[in-house]
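Opened a new model today and went through it place by place.

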Amino acid sequence: MGFSTIAIHAGNEPDASTGAVSVPIYQTSTYKQDALGQHKGFEYARTQNPTRSALERNIAALENAKFGYAFASGMSATDAVLKLVKAGDHVILGDNTYGGTFRLFDKVLKNYGIEFDLVDTTDISKVEMAFKSNTKMVFVETPTNPIMSVTDLQAVAEVSRAHGAKTVCDNTFMSPYLQRPIDFGIDIVVHSTTKYLNGHSDSIGGFVALNNEEDANWIQFIQNSVGAILSPFDSFLVLRGTKTLAVRMEKHDENGRAVANFLAEHPRVEKVYYPGLTSHPQHELAKKQQKGFGGMVSFETGSLENAKKVLESVKICTLAESLGGVESLISHPATMTHASVPAEKREKLGITDGLVRVSVGIEDIEDILEDLDQALS
Ligand SMILES: Cc1ncc(COP(=O)(O)O)c(C=O)c1O
């Protein structure tokens, strides 16, 4: 079946008791048992909930995975995946992940004996050199937030497998419509469903998709033991969101390309970061492993003052954190999403004070371009 058919039907079977075509919001904390130990597969709603199960089947299918688990946020999904490693284990972490992912390693997991090294995973020889005898996991994000650099998923999967390490890819920026890491040999996919999967900027959530049954059982055990579950209402919202994922992503991609091309020609813009531009250093790799380039575009304005002027002059684009919604959002990574990354590290990565990031929405492209033009002017 094609992607849209799966998106609309997987997990979305009509409700067995009423025939409701949309999966109902099962807003309950517990379930009646007919006799001691006799129930319908649902005992307590932290452990199982039909709305959440429907979403879990849906996104797992979209990622071409056997198993999927929905969490209360992208960060709790990432945290659950990191519970596959133990004190004394070492993780190779891409050096330009979402700031919150770095913060989880740097400020939380370090206290529990998990070692990590930040590595430029766009260079596979650097990944190879970073393996230690205790490396158990390689965690990448591609394209990265906000510099949009691309990691070769197949190469990372191969080199990690050779070293006996599991691979994880944060696929938030692409969504399964534009990139399916498992098809390239990646073991585990994580998502902030807050972004493209939900797509309407009205829910916080996260997801883990994987094929290995033993690891899946552990993730499910963590989901139940820690309890950072996605609520029934949020599960319903994301399930509604994924039905239109394909059409939304097509439009985000089309508008993203147009914005990147426009900015690349603009005299007030010093540099544009977008894998769809032929000038992007990993353009060919992006073409190989992505179905499109998406709606995330970052650009350099040259100074904090210039960035501030742009961010405060836009009228259609909204100055806000987050991304992946139908509306265009504009942000300042250095002080917003990546504030938890030390200044010298930010500078090294190119997350300068003049960098602006746009999550290009699906409004009419003429209006978005006109808005950016007047703000830059
Ligand atoms: C790439 C990426 N991964 C993970 C997260 C964390 O997701 P959440 O905010 O849903 O916890 C974000 C949030 O911005 C993100 O951009």
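**Ligand site.** I kept in mind from the start that this is a predicted model. I began with the shell around the ligand: which of its 13 residues come nearest? They are G74, D170, S192, T194 and K195. I then sorted the shell by type and got three nonpolar, seven polar and three charged residues.

Next I looked up atom distances. A backbone N or O atom of G74 sits 2.9 Å from a ligand oxygen, and I found 2.9 Å again for a backbone N or O atom of M75 and an oxygen atom of the ligand. From K195 it is a polar side-chain atom that lies 2.8 Å from an oxygen atom of the ligand. How much of the ligand does the protein cover? I noted 91% of the 390 Å² of accessible area that the ligand has on its own.

**Helix α4.** G74 made me look at α3 (74-82), which is among the elements covering the buried residues of α4. Helix α4 spans residues 99-108, and seven of its ten residues are buried, so the rest of the structure largely encloses it. I wrote down the buried ones: G99, G100, T101, F102, L104, F105 and D106. Besides α3, their cover includes β2 (90-94), β3 (115-119), β4 (135-141) and α13 (343-349).

**Strand β9.** Is this strand, residues 296-300, enclosed or open? Five of its five residues are buried, so β9 is largely enclosed by the rest of the structure. In a regular strand, side chains alternate between the two faces of the sheet, so I checked each face separately. On one side M296, S298 and E300 are buried, and on the other V297 and F299 are buried too, leaving both faces covered.

Then the pairing. Strand β8 (residues 271-273) runs antiparallel to β9, with three bridges joining them; V272 has F299 as its bridge partner. Strand β12 (residues 355-359) is also antiparallel to β9, joined by five bridges, and here V297 partners V358.

**N255.** This one is in helix α10, residues 245-265. Buried or exposed? Its relative accessibility is 1%, under the 20% cut-off, so I put N255 down as buried. A polar atom of its side chain lies 3.0 Å from the backbone oxygen of G361. Leaving aside neighbours within four places in sequence, I listed its contacts as V360, G361, I362, E363, I365 and I368.

Most residues other than glycine have a negative phi, and most peptide bonds are trans, so I went looking for exceptions. The loop between β4 and α6 (153-162) holds P143, and the bond joining T142 and P143 is cis, with omega about -5 degrees. P146 is in the loop between β4 and α6 as well, and the N145 to P146 bond is cis, omega near 5 degrees.

M148 also lies in the loop between β4 and α6. Its phi is positive, about 60 degrees, although M148 is not a glycine. Its relative accessible area is 1%, so M148 goes down as buried.

Where is S322? I found it in the loop between β10 (318-319) and β11 (329-331). S322 has a positive phi of about 80 degrees, again without being a glycine.

Methods. Residues numbered from 1 in each chain as written. Predicted model: local features only at pLDDT ≥ 70, side-chain atom pairs only at ≥ 80, totals over all residues. Heavy atoms only, no water. Helix = DSSP H or I, 4+ residues; strand = E, 2+ residues; numbered from the N terminus. Buried < 20%, exposed > 50% of the residue type's maximum accessible area, 1.4 Å probe, protein only. Polar contact = N/O pair within 3.5 Å; in protein donor to acceptor, adjacent residues only side chain to side chain. Contact = heavy atoms within 4.5 Å. Near = heavy atom within 4 Å. Areas by Shrake-Rupley, 256 points an atom, 1.4 Å probe, with all protein chains shown as cover. Nonpolar A, V, L, I, M, F, W, Y, C, P; charged D, E, K, R; others polar. Pairing = 2+ DSSP bridges.
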